[in-house]
Number of protein chains: 2
Amino acid sequence: MERLQVNIPGTTAYDVMIADGLRRELNEYIADSYSSILIIADRHVADLYMDDITNVLKTRGNIFCKVIPPGEGTKSMEWYDRLLDYCISCNLDRKSLIIALGGGMTGDLAGFVAATYLRGISYIQIPTSILAHDSSVGGKVAINHKAGKNLIGAFHHPDKVLFDTEMIDSLPLKEKRSGYGEVVKHALLSDKSWFDEIMERELKELENHKAARDLIRGVRLKASIVEQDEKEAGVRKYLNLGHTLAHAIETELDYGSVTHGEAVVIGIIFALSLSGMEEERNRLLVWADNNGYPLEVVGELDERKLLEHMKRDKKAERGKINYVLLQAVGSPYVSHVEEDELLHALKQFKNEVIE
Amino acid sequence: MERLQVNIPGTTAYDVMIADGLRRELNEYIADSYSSILIIADRHVADLYMDDITNVLKTRGNIFCKVIPPGEGTKSMEWYDRLLDYCISCNLDRKSLIIALGGGMTGDLAGFVAATYLRGISYIQIPTSILAHDSSVGGKVAINHKAGKNLIGAFHHPDKVLFDTEMIDSLPLKEKRSGYGEVVKHALLSDKSWFDEIMERELKELENHKAARDLIRGVRLKASIVEQDEKEAGVRKYLNLGHTLAHAIETELDYGSVTHGEAVVIGIIFALSLSGMEEERNRLLVWADNNGYPLEVVGELDERKLLEHMKRDKKAERGKINYVLLQAVGSPYVSHVEEDELLHALKQFKNEVIE
């Protein structure tokens, strides 16, 4: 088992535990001081794992389950409100626990419920996707608004993150692609050798032990950044590499046809262009194409609309767009990019990518 | 001017400033680094003071105003959602400021919007009621749920609290009564001489300088408690004196006919009964009656329903009701009270109060 502590100075510290089959040993890692437990999962995940989890926890009283619709559309004000209603109907109190069993959507939504129900109760993340290795660490929780992704949210750290790497096997290819969006990002923020390694991965034949290793490296990077800068005043901004365009694409497509990580890969390719890192950009473009990333959606997008979404990005200040760029692999920086420049670059990007 | 710093260890520190006519000098006390400012006030308060505030701030660009309906009913999920929409339509960014101009309702609602918009932006409280001297300090922000008061919320501290004591003059008597609910509570948590003083106050002829003094003492007490225990793990619970029943009454009456502070006074009388403090109970009962507190509502309430609401109180744990009681004036403690005992005491209380 890999065990890693995330230490948020002055706030909290929590363990991230990563092991094959961890879901069957949950009872050992979830404190028995919680007065009741509500497990939230989407329908797909619930079908696969809800029984395992409730079985393991069945010796405890007061276990509630809530199944929500899959898909980013559920990360809405409407479902936030419904889940709060459900918490109340289960009489959850301040000593209760919410378990977010699922991908990033479930973690963000259930985490935001936990952050605000009774002004904050405990939650534990049990990520079931590769993508969620990223979102489950760091305490960012949120719901979407029609005007943009994650516009409403909070910082609320989990009591624990328990990652069962066995679950990676059952992921559909689209989910693996999505997960590797954040893995590619972490590699580009870390070091070239890891990026080189990933450019060798064929997601169709992804080996579990390799994925687990990428995931552990990703969590380690994420934890070290969050420890330095919980509230994104400095280095945490780097984690937005590729996300400014990704969020704009997701908003424009109404969180529909493209997954988050797929959009992130497209966003990273664009950020590499903006950074003038042609070699890495070209390698990533080829890798993304080989692995079935939906690059063709770029052709359908209107660059002016994308720009409007970018200006609403949480990182925007006084209407100016702050972009995370790279000097080299492992050397990110933040730079204001002018609207005209972005518009020009987006046009060029469309032409190049859909060739 | 009274200036008082609230120091939340490891989190933040902010000034509470109290002075006659302070609203006309706001420009000096609000940093000019905010990229835009959204002022939220209810219709009554906006009619009285919105012009003063916008006039003072008019040299700055990007000032937005949002007027909301008066009354506790506005502290709802619906208005929370609407205000978030408004923040987005004003393009508020992470450097923007929300000003909560008003009583506790406005502070709680606007504060919760500030706490969760873009995962948290700055806000400043400009309380316009006596009651809000309490709620504006301490960082508790929330909205109501039909199942209970303040069930959804966060801890989010303001950048500043700016209290213009001139505003006290324009308060209707009902508002003064409401404000003195929290003042009575603060006195009972502090010392007997202050409680004695308040028992001499006639709210109909409340003198501004006396009210200002009560208010400053209240803020000082509140600040010192919040500094010791931001998240209500210990001593902050004492501030709930009278609130368990008060919240139940408000929920049962659907936040309608009785104001918060009026309900708190009724709740405190009941807590004094439970504490066996007959003398103080009787003095407070007479004082409340003389000052027009709506004690008669107690007769209309069903004690079983009140009990159900109390069990949903945020302080309840595993269905047990935790009650703040007094050993003596200035010596609060928390005790589990059994349901049967509460039910019996509520019945008796009804009989005694409506005599």
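Me: Which residues does A:Glu182 touch, not counting residues up to four places away in sequence?
Reply: This is a predicted model, to start with. In it, A:Glu182 touches A:Leu131, A:His133, A:Asp134, A:His243, A:His260 and A:Val264.

Me: Ok, and where does A:Glu182 lie?
Reply: A:Glu182 is in helix α6 of chain A, which covers residues 173-190.

Me: Buried or exposed?
Reply: Buried: the relative accessible area of A:Glu182 is 2%, and the cut-off for buried is under 20%.

Me: What does UniProt say about A:Glu182?
Reply: The unreviewed UniProt entry gives it the feature "binding site", together with A:His243 and A:His260. Those residues are spread over 79 residues of sequence, yet they cluster in space, with a largest C-alpha distance of 9.8 Å.

Me: What lines the largest one?
Reply: There are 13 lining residues, and A:Gly148, A:Lys149, A:His247, A:His309 and A:Asp313 lie nearest the centre. The elements that give two or more residues to that lining are β8 (148-155), α9 (243-252) and α13 (303-311) of chain A.

Me: Which element gives the most?
Reply: α9(A), with four residues.

Me: How does the lining divide into nonpolar, polar and charged?
Reply: Four nonpolar, five polar and four charged.

Me: And where does that cavity lie relative to the domains of chain A?
Reply: Between domain 1 (2-169) and domain 2 (172-353), because both give residues to its lining.

Me: Back to UniProt. Which residues are listed for "binding site" along with A:Lys149?
Reply: A:Thr128, A:Ser129 and A:Lys140 are listed with A:Lys149, again from an unreviewed entry. Of these residues, the lining of the largest cavity includes A:Lys149.

Me: Where is A:Lys149, and is it buried or exposed?
Reply: A:Lys149 is in strand β8 of chain A. It's buried, with a relative accessible area of 6%.

Me: What about A:Lys140, buried or exposed?
Reply: A:Lys140 is buried too, with a relative accessible area of 17%. A:Lys140 belongs to strand β7 of chain A, residues 140-145.

Me: Which residues is A:Lys140 in contact with, leaving aside neighbours within four places in sequence?
Reply: In chain A, they are A:Asp108, A:Ser135, A:Ala154, A:Phe155, A:Glu232 and A:Arg236. From chain B, there's B:Arg119.

Key
Residues are numbered from 1 along each chain as its sequence is written. Chains are lettered from A and ligands numbered from 1 in the order in which they are written. This is a predicted model: local features need pLDDT of at least 70, side-chain atom pairs count only at pLDDT 80 or more; totals for chains, interfaces and linings use all residues. Side-chain values use heavy atoms; hydrogens and water are left out. On a 1 Å grid over the protein atoms alone, a cavity is a set of points where a 1.4 Å probe fits but cannot get out, and a pocket is an open set with protein on both sides within 12 Å along at least five of seven lines; lining residues have an atom within 4 Å of a point. Ala, Val, Leu, Ile, Met, Phe, Trp, Tyr, Cys and Pro count as nonpolar, Asp, Glu, Lys and Arg as charged, and the others, Gly among them, as polar. Domain bounds come from an automatic or database domain assignment. UniProt positions are given in the numbering used here, feature names are shortened, and annotations may be inferred rather than shown by experiment. Buried means under 20% relative accessible area, exposed over 50%, partly exposed in between (1.4 Å probe, protein chains only). Contact means heavy atoms within 4.5 Å.
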